[in-house]
Amino acid sequence: MSASGQYIDSISLPDVLSIRNVSDLKQRITESFSSNNSVILDIPENAEADLSFIQLVESARRQAKAANKTLALGAPAKGHVLKVLERAGFIEAFNGDDTKFWLHKEVTL
C-alpha cells in the first residue's frame, strides 16, 4: 500500500503575500497537495497581504475540496489579512464554511 496522500503538511508562508510571489505560493501549495491529503497554511502574524493572496487561497480551497483534500489555516486570519478580507467584502458574504476556515468560528442558527 502506498503511503502517499496520507499525511498533513504545514507550509510556513512568508511575511509578504502579494501578487509578486503568488505564483511561488501556488506552486508550493500544489506540490504539497501532490503528496498530502491535508495542508495547513501558517500565515505570519505580521504578514502583509493583498487581494491576490486571498484569491489564491480561495482557489486552493475549492481545488482541495474537489479532490477530497483539506486546506486549513494554522490560526484565524488577523492583522492585514483580515483587513483585506474586510475591505474586499468577503466577510459580509461568508457562509458557515468560510467563517470556519478564515476565522475559526462555528456558525450557529
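This is a predicted model: local features need pLDDT of at least 70, side-chain atom pairs count only at pLDDT 80 or more; totals for chains, interfaces and linings use all residues.
A nonpolar core is a set of buried Ala, Val, Leu, Ile, Met, Phe, Trp, Tyr and Cys residues joined through side-chain atoms within 4.5 Å.

**First stop: the core.** Select Leu 41, Phe 53, Leu 71 and Trp 102, the residues with the most contacts inside the largest nonpolar core, which has 27 residues in total. Next, colour the elements that each supply at least two residues of this core: helix 1 (22–34), strand 3 (36–42), helix 2, strand 5 (70–73), helix 3 and helix 5. Helix 2 provides six residues, the largest share of the core.

**Second stop: Trp 102.** Keep Trp 102 selected and display its surroundings. Trp 102 counts as buried because its relative accessibility is 0%, and buried means under 20%. Beyond its neighbours within four places in sequence, its contacts include Ile 54, Val 57, Glu 58 and Arg 61. Leu 73, Pro 76, Ala 77, Val 81, Leu 85 and Phe 94 are also in contact with Trp 102.

**Third stop: the rings.** A pair of aromatic rings is described by the distance of the centres and the angle of the planes. Phe 101 and Trp 102 form an edge-to-face pair, with 5.1 Å centre to centre and 85° between the planes. Phe 101 is buried as well, at a relative accessible area of 8%. Now select Arg 61: its charged end sits over the ring of Phe 101, 4.4 Å from the ring centre.

Select residues 79–87, which make up helix 3, and highlight the buried residues Val 81, Val 84 and Leu 85. Turn the view to look down the axis of helix 3: its buried residues fall within an arc of 100°, so they line one face of the helix. What covers these residues? Among the elements that do so are strand 4 (48–49), helix 2 (51–66), helix 4 (90–93) and helix 5 (96–103). After helix 3 comes Gly 89, with a positive phi near 85°.

**Last stop: two positive phi values outside glycine.** Select Asn 68, in the loop between helix 2 and strand 5. Its phi is positive, near 55°. Is Asn 68 buried or exposed? Asn 68 is exposed, with a relative accessible area of 74%. Finally, move to His 104, in the segment after helix 5. The phi of His 104 is likewise positive, near 60°, and this residue is partly exposed at 38% relative accessible area.

Key. Residues are numbered from 1 along each chain as its sequence is written. Side-chain values use heavy atoms; hydrogens and water are left out. Buried means under 20% relative accessible area, exposed over 50%, partly exposed in between (1.4 Å probe, protein chains only). Helices (H or I, at least four residues) and strands (E, at least two) are DSSP runs, numbered from the N terminus. The arc is that of the directions from the helix axis to the C-beta atoms. Contact means heavy atoms within 4.5 Å. Rings of Phe, Tyr and Trp (its six-membered ring) pair if their centres lie within 6.5 Å; planes under 30 degrees apart count as stacked, over 60 as edge-to-face and the rest as tilted. A charge sits over a ring if NZ of Lys or CZ of Arg is within 6 Å of the ring centre and within 35 degrees of the ring normal.
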